[in-house]
Amino acid sequence: MEAERTGIVLVLCAPSGTGKTTLTRRLLKEFPRFEFSVSYTTRQPRDGEEHGKDYFFVTEAEFTEKQKAGFFAEWAEVHGNYYGTPKEETLQKLAAGKDIIFDIDVQGASQLHGSLKQGCYVFILPPSRNELERRLHGRGTDSEATIIKRLANAEKEMQQAHWFNAWIVNDDLERAYDELRSAYLAATLSPACHPALVSSIMKGWRDNG
Ligand code: 5GP
């Protein structure tokens, strides 16, 4: 039964090279109810990135001002740049019944979990160190030094993966995607997303019985 419900957050954390972007795109395509959470960042736009679509690109002064004013639901420094999720906008979308996908780092996910428990926090794991290294080389976008840094970061991130709702090993993209959509769909069945469901079924229960 597809009932009225509030939105939920789906937070995807993964070391780079784990296939998070591909999985996110598939979810956005299959479920029109999803919106992608557009973060604020102080890093420079890359070729092809659009302000307001990929990120809101701001200066460090603008970021700090917003952070002090409580504008962010979570924020973190990642690889020397600041990143943050707007709070009000997120809450408004959830109240309007939108589901929101977040691509944020582990520190940010943990902060968000502190204020927004309702949802699904997924950590995507590489099958092994060797396979992750092979994929990072295969992308051809990173120098050897960057690959070594990414592998070390992956290890640190995996050490913080214990509290997530779901762990998915991306050794086979189809299976990983099936597991991800199952985790998401299961989370949408939480009573917290359907505050009026039981009362609407119970309405008139006695009169008709
Ligand atoms: P990139 O600069 O490559 O787009 O992203 C670098 C890292 O920052 C990724 O791990 C991404 O998940 C993380 N990130 C992007 N937006 C946010 C955000 O709003 N908050 C936090 N905590 N991390 C973010």
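Not counting residues up to four places away in sequence, Asp142 touches Leu136, Ile147 and Arg150, where contact means heavy atoms within 4.5 Å. This is a predicted model, in which local features need pLDDT of at least 70 and side-chain atom pairs count only at pLDDT 80 or more, while totals for chains, interfaces and linings use all residues. Residues are numbered from 1 along each chain as its sequence is written, and side-chain values use heavy atoms, without hydrogens and water.

Asp142 sits in the loop between helix 5 (129–139) and helix 6 (144–158); helices are DSSP runs of H or I with at least four residues, strands are runs of E with at least two, and both are numbered from the N terminus. With 18% relative accessibility, Asp142 is buried (buried is under 20% relative accessible area, exposed over 50%, partly exposed in between, with a 1.4 Å probe and protein chains only). Its side chain has a polar contact of 3.2 Å with the side chain of Arg139 and another, also listed at 3.2 Å, with that of Arg150.

The largest nonpolar core has 21 residues, of which Leu10, Leu12, Leu27, Phe34, Val122 and Leu180 touch the most other members. Helix 7 gives the largest share of this core, six residues. Such a core is a set of buried Ala, Val, Leu, Ile, Met, Phe, Trp, Tyr and Cys residues joined through side-chain atoms within 4.5 Å.

His79 lies in the loop between strand 5 (72–78) and strand 6 (81–86). Its phi is positive, about 45°, although His79 is not a glycine. His79 is exposed, at a relative accessible area of 54%. The polar contacts named above are pairs of N or O atoms within 3.5 Å; within protein, one must be able to donate a hydrogen and the other to accept it, and residues adjacent in sequence count only if both atoms are side-chain atoms.
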